[in-house]
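Hi,

Here is the structure I promised to pass on. Please have a look, and then read on for what came out of it.

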Amino acid sequence: MAKLDILIAPDRRLRTRCARLGAVDDAARRVLDDMLETMYAAPGIGLAAPQVGVLKRLVVMDCARNEEEPAPLKLVDPEIVWRSEALVTDNEGCLSLPEVYVDVERPDAVRVTYLDEHGTPQEVEAEGLRARCLQHEIDHLNGVLHVDYLSAVKRGVILRRLEKSKRRKQD
């Protein structure tokens, strides 16, 4: 396994709608393993493939708390097939937008279909933090960032600040 570089907004690859894999092969499993290692090292609770420059529909996540046993989940071609009517607003961060936390309103529960790392079709129903994480990461696969839920003015300020910070680090 290898730790990958996480792209920082406003990198254009983060705005790309990712391609479906359709099947799981050794290359996809290797990327999932590398993504999981990268997510844990960051540290984070979720990571989507475009965040590491891979424009495929791959997600890893683990919402286990510090005192809980790790519960990694690897998803290939995840799709939300049901959303609860109940909406909840909570604060979200993102590894691709360091130190940017915004309140986002999302359905409190979702059902997601996906292929596991062996190519077997699966379905998961989640609520609370796990549902929020699934929605956040699947947004990444569609080129959507959590700041897109803000007004255009607020989003512009945040993205310009990130761009400026990125340029300073490159100099």
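**The sheet and its helices**

Five strands make up an open sheet, arranged β1-β2-β3-β6-β7 with antiparallel pairing. At the edges sit β1 (46–48) and β7 (121–127), each of which pairs on one side only. From one strand to the next the twist averages 40 degrees. Before going further, please note that this is a predicted model, in which local features need pLDDT of at least 70 and side-chain atom pairs count only at pLDDT 80 or more, while totals for chains, interfaces and linings use all residues. Residues are numbered from 1 along each chain as its sequence is written, and side-chain values use heavy atoms, with hydrogens and water left out.

Helices (H or I, at least four residues) and strands (E, at least two) are DSSP runs numbered from the N terminus, and two strands pair if DSSP finds at least two bridges between them.

Now along the sheet. β1 is joined to β2 (residues 58–61) by three bridges, and the two run antiparallel; here Gly46 stands opposite Met61 of β2. β2 and β3 are antiparallel too, paired over four bridges, and Val60 has Lys74 in β3 as its bridge partner. β3 and β6 run antiparallel and are joined by five bridges, with Val76 partnered by Leu115 in β6.

Helix α1 (residues 26–41) packs on the sheet, where it touches β1, β2 and β3 (73–83), and its direction makes about 40 degrees with that of β2. Contact here means heavy atoms within 4.5 Å. Axes are lines fitted to C-alpha atoms, for helices over the stretch in contact, and angles run from 0 to 180 degrees between N-to-C directions. Helix α2 (residues 128–141) lies across β1, β2, β3, β6 (109–115) and β7, and runs at about 125 degrees to β7.

**Salt bridges**

There are 15 salt bridges in the structure (a side-chain nitrogen of Lys or Arg within 4 Å of a carboxyl oxygen of Asp or Glu). One of them links Asp77 and Arg20, whose closest N and O atoms are 3.9 Å apart. Because Asp77 lies in strand β3 and Arg20 in the segment before α1, the pair ties together parts that are 57 residues apart in sequence.

Which residues are closest to the centre of the largest pocket? This pocket holds about 470 Å³ of space, and of its 21 lining residues, Gly44, Ile45, Glu92, Gly93 and Cys94 are the closest to the centre. β4 (87–94), β5 (97–107) and α2 are the elements that give two or more residues to this lining, and α2 has the largest share, with five. By class, the lining has ten nonpolar, six polar and five charged residues.

The second largest pocket has about 220 Å³ of space. Its lining includes Ile8, Pro98, Arg161 and Lys169. α3 (152–170) and β5 each give two or more residues, and α3 gives the most, six. Four nonpolar, two polar and four charged residues make up this lining.

For the pockets, a 1 Å grid over the protein atoms alone was used: a pocket is an open set of points where a 1.4 Å probe fits, with protein on both sides within 12 Å along at least five of seven lines, and lining residues have an atom within 4 Å of a point. The volume is the space filled by probe spheres set on the points. Ala, Val, Leu, Ile, Met, Phe, Trp, Tyr, Cys and Pro count as nonpolar, Asp, Glu, Lys and Arg as charged, and the others, Gly among them, as polar.

Best wishes
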